[in-house]
Amino acid sequence: MARPLRTCRCGHTKEHELVAEEPEYTLWGWILLSMFGITPKPDHVVYRCQMCRQSLGSTRDPKILARKSAPKRATAPVAEAPAGPSSAPGDDASHPEESTRT
Ligand SMILES: [Zn+2]
């Protein structure tokens with residue numbers, strides 16, 4: 001039984017680039033979001049066409065939910081710690097070039 005792919009009235013499927021995965025939150029999620037400014041894990045994700053705002057279904061796939069709840073942030077490399085000897089330890093205090101000039 002092959003289910004026909006749902007399309008919105010523009011003819012977009014879930015995979016279309018104009019169809020976004022929009023996280024939907026529970027009431028508690030909205031409270032967290034508005035009062036505390038933290039992004040809760042969405043209750044589910046709705047596939048919604050950005051053109052006609054028609055929903056093409058929803059998912060509760062935990063992987064997608066996790067992706068939606070985590071802010072998109074490039075994983076910056078760790079600040080390099082100054083570890084390791086950079087040069088020979090303190091041997092440049094003595095200047096053995098004092099010699100008699102003529
Ligand atoms: Zn549409």
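**Exercise 1.** Determine whether Glu15 counts as buried or exposed.

*Solution.* Step 1: apply the cut-offs, by which a residue is buried if 20 or more other C-beta atoms lie within 10 Å of its own, exposed if 12 or fewer, and partly exposed in between, with C-beta atoms placed from the backbone. Step 2: Glu15 counts as exposed because it has 9 C-beta neighbours inside 10 Å. Step 3: place Glu15 in the chain; it lies in the segment before strand E1 (19-24). Helices (H or I, at least four residues) and strands (E, at least two) are DSSP runs, numbered from the N terminus. Step 4: relate Glu15 to Tyr47, which is 32 residues away along the chain; their C-alpha atoms are separated by 9.2 Å.

The model is predicted; local features need pLDDT of at least 70, side-chain atom pairs count only at pLDDT 80 or more, and totals for chains, interfaces and linings use all residues. Residues are numbered from 1 along each chain as its sequence is written.

**Exercise 2.** State the order of the elements in the protein chain and describe the sheet.

*Solution.* Step 1: the protein chain has two helices and three strands, and from the N terminus on these run β-α-β-β-α. Step 2: the three strands form an open antiparallel sheet in the order E1-E2-E3, where two strands pair if DSSP finds at least two bridges between them. Step 3: E1 and E3 are the edge strands, each pairing on one side only. Step 4: on average, neighbouring strands of this sheet are turned by 25° against each other, direction ignored; axes are lines fitted to C-alpha atoms, for helices over the stretch in contact, and angles run from 0 to 180 degrees between N-to-C directions.

**Exercise 3.** How many residues of helix H1 are buried, and what follows the helix?

*Solution.* Step 1: among the ten residues of H1 (residues 27-36), the count of buried residues is zero. Step 2: H1 is followed by Gly37, which has a positive phi near 70°. Step 3: for the whole protein chain, 9% of the 102 residues count as buried.
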